[in-house]
Amino acid sequence: MPAKPICALLSVLALLATSLAAADESSPGLDPGFALFYGPNPPLAELQAFDRVVLEPEHAPEPARLPRHTRWYAYVSVVEAAPSRAWLRDVPSAWLRGDNPAWGSRLIDQSAPGWIEFFEQRVIAPLWRQGWRGFFLDTLDSYHLYAKTPEARRPQEDALVALIERLHARFPGIELVFNRGFEILPRLRGKVAAVAAESLYRSWDRATHTYRDVPAADRDWLLAQLARVRDEQRVPIVVIDYAPLADRAGARTTAARIRAAGFVPWVATGQHDALGVGDFEVQPRRIALVTDRPEGADFMQATAFRYLAAPLGYLGYTIEPLDVKGPLPESLADGRYAAIVAWFSQPVRSVNPRFSAWLKRQLDAGLKLVLLNQPGLDPQSALMRELGFDPVKPPNGRLKIAIADPLVGFETAPPLAAADVAPLARPAGTSLLRLAAADGTTIDAVGLAPWGGHAFAPYAFVEGTLDAGARWVIDPIEFLRRALGAPDFPVPDVTTEAGRRLLLVHIDGDGFPSRAEVPGSPFAPELLLREVLARYRIPHTVSVIQGEIAGSGMFRELTPALEDIARRIFALPHVEIASHSYSHPFYWRALAKAQRGAGYEGRALNLVLPGYTFDLQAEIPGSAAYIDARLAPPGKRTRVFLWTGDTVPTAEAVETADRAGLLNMNGGDTLITRSAPSLTQVAGLGLRRGTGFQVFAPNQNENVYTNNWTGPYYGYRRAIETFELTETPRRLKPINVYYHAYSASKQASLAALHHVYGWALAQPVVPVYASDYIRKVLDFESLAIARDLRAAQPTWRVRGAGELRTLRLPADASVALAASRNVAGVRPGPGGRYVHLTAADATVVLAAEATPPVHVFDAGGWIGDFHRDASGIRFALSSYYRPEFTLAHAQGCRVRVNERDLRPAAAAAGLLHYELARHDAAQAPTQSLVDVRCR
């Protein structure tokens, strides 16, 4: 193969140099990405973007439960302590040397007899037993407050040195980071991992709660101290400066100054209770969705959540729904939240008079705001005036369009009748839809502003009519993208693996005792086993309802036959076991209320089973235990719980599934079809419930396509419409073949299943189990994405659990594959470019390459153990079904799989396609080792 052009090699080297140059200039020996967070409820998912993080241990879980990418340090105050510290109550009064009024803390004499032993045994040892191995020792120079002369300080310094040496002796492998402690550092060579110091350029005045520039004399003194420590003792230096959360630009500037001085930066808020800016800046992905949901309604049923969850999820955001009636969090200003999206159906003053003041505090802290549907706020209020709105005379008659952005008229044209229009103008900002009345009055119905944007009714969406469902007037995805104003960060995508759309199949166990309408009238699941599961040997997740088939259930006389069928289904290597509950609750929340003595309109709430009273333990872990004991073959266990009935579980139910180790799925109601082709018919990824998360099924089952199983029974063929409409123009969902056991009871429905399977398997897909998809969604919720501020090119760090391995970029974005890390390739697709990650920790550099290197264009599985060097790439391809892959820029390269040469099966448009031997799906994927050498 001819050598690559020297210009291409130089281009790659330049990209590598620019992405790493800043790291070479910073403090020696310390990984980049240092962060501190002292507040309660630390944002652990976001903090995993940093390499080393300091937490208050009383506000954090034990280290074994912390994200694995990061080295976690316990904050420990040494010379002074806040009165809230429990151990301080046991410190003898003779050890105390007064107070530090600036911090409200007590000062401790380090030279007091017994203090070193006390600190080791009462402070460090309990944390060590919990699993902490790194400690951030604060206030090491606070003894200056009571020891004013060198002679008075010497015993304090001797005691601190003795303390550090004792900690190293008693706790082998301990890692200590000092906050200052300059005087004792020369005596502790090799015993300090790093040194931190505060307020080099910007400081925080605790007394006045103000941010200030550091005086030049103080700055110069500290610079000299830090340079001496770094250069003479080769100890890494972290500089902690301060900036308000609302001044992100100022924080970046300060961090850059610290970095330019040769130190690792961390620019924090004064209380250290928000994400700051360091070598990395976390991209906030959480949206506070504030709405006035109907009394007693679940958030899943609220219009705001139903219509906005999918657009926001497509943009990469997670959702925290909040009821405007309260209670509302005191503050959202912790760096996690990108914006508040408010969707109201009425003025909110009557339901929460304090909402306007609460919202003002969040906006002052730097959060964006998007107002949708009704303004909610008083049009005459000071806050609305501050946002730039002017009330105008309500218009009469028909309106005319004065300005209309292309995102207007997305699914339906804007209505021009004056009724129900919010009479507000916003002269400043960008109007996306301006309407004019006959008298010259103008109304800005949709617009953008520095603070975010707005789209007021009826110009966000219009309600459905008899022959059509609700329709968006605006393109909600494009509108929200522009209103939120975030940079084009790599969007985590759960629909795709290695450039191909996911395919999952899951079966609810309803109707297991049904008879098939064929000669001999076998049980429907018997026909399902023979006609479907034995034919389509791809991953399936199959469930049963214990109360339908068990000896304690509804059909005891059928139990031997039904359990035998279930055993044979679960024994199939391509079947994953799931539970569909004990009594198939129809209304989970109503059952919970009935359990507490409340009635529910006399409706049946679940299957009526002999002697049974609803119990979450029986429904969820109990039903799984029954399956594992009676139906599962050796070596297989129940992995998934599939919600039943209205699929609106309580928080307690979701948490019960979590505690039982069961992944959960179902709900969501995605039902977009050609007769209802609206994004309002596409659900989001799921909903947080308590400490757990309900994962929605990507698509709906045959029950809704057959009008609640009343016919036509071939109706599930229309699921293909849903699959097509959620693929183009944007890939919104994976393909999800989802049905019940009773679908095998009728010939028309069985034929529909074959039609849908045939269509799905004709697409370029990666078949996976439901559990694989569920884990991707959970990874989406907790993934950290952070901009590397050291790099000259836009560079993003992505860290998570390693289940979600696809990022989506704008269609015109370029990825510098050679400069990126754990990135196997890219492929253009619906709505953008899909980036294939290969590990839980990846770096994506966005830049054009003069000559792109060999890379994976797409694959029929997922890629791991990826390595790139000057001569090519190596990777492991894991697949349940079709181990195949396509390479780009691989002409002239030698491809070996499992140490054997492999020739391409097809070549087209500069791509080489390779196929391995097909195999039946199994619980564990097959793995093939691929080596591509291009020189």
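**A close look, starting from one pair**

Guide: Let's start with two residues: L877 stands opposite S928, which is in β53. Before we go on, this is a predicted model, in which local features need pLDDT of at least 70 and side-chain atom pairs count only at pLDDT 80 or more, while totals for chains, interfaces and linings use all residues. Residues are numbered from 1 along each chain as its sequence is written, and side-chain values use heavy atoms, with hydrogens and water left out.

Now widen the view. Strand β53 covers residues 926-933, and it pairs with strand β47, residues 872-879, in the antiparallel sense over eight bridges. (Strands are DSSP runs of E with at least two residues, helices are runs of H or I with at least four, and both are numbered from the N terminus; two strands pair if DSSP finds at least two bridges between them.) Both belong to an open sheet of five strands, in the order β46-β47-β53-β49-β50, with antiparallel pairing. At the edges are β46 (862-869) and β50 (900-901), each pairing on one side only.

The structure holds one, and it joins C893 to C934, with 2.1 Å from S to S (the cut-off is a pair of cysteine sulfur atoms within 2.5 Å). A disulfide is a covalent bond between the sulfur atoms of two cysteines. The link of C893 and C934 is right-handed, with 105° about the S-S bond. C893 sits in the loop between β48 (884-888) and β49 (894-897), and C934 in the segment after β53, so the pair ties together parts 41 residues apart in sequence.

Now for your helix. α11 (residues 524-533) packs with α13 (residues 559-570) at an angle of about 20°, their axes 9 Å apart (axes are lines fitted to C-alpha atoms over the stretch in contact, and angles run from 0 to 180 degrees between N-to-C directions). That angle makes α11 roughly parallel to α13 (under 35 degrees is roughly parallel, over 145 roughly antiparallel, 65 to 115 roughly perpendicular and the rest oblique). On the α11 side, P525, E526, L529 and L533 make the contact, and they meet I565, R568 and I569 of α13 (contact means heavy atoms within 4.5 Å).

Helix α11 also packs with α19 (residues 747-761), at about 30° and with axes 11 Å apart. Here L527, E531 and V532 of α11 touch Q747, L750, H754 and Y757 of α19.
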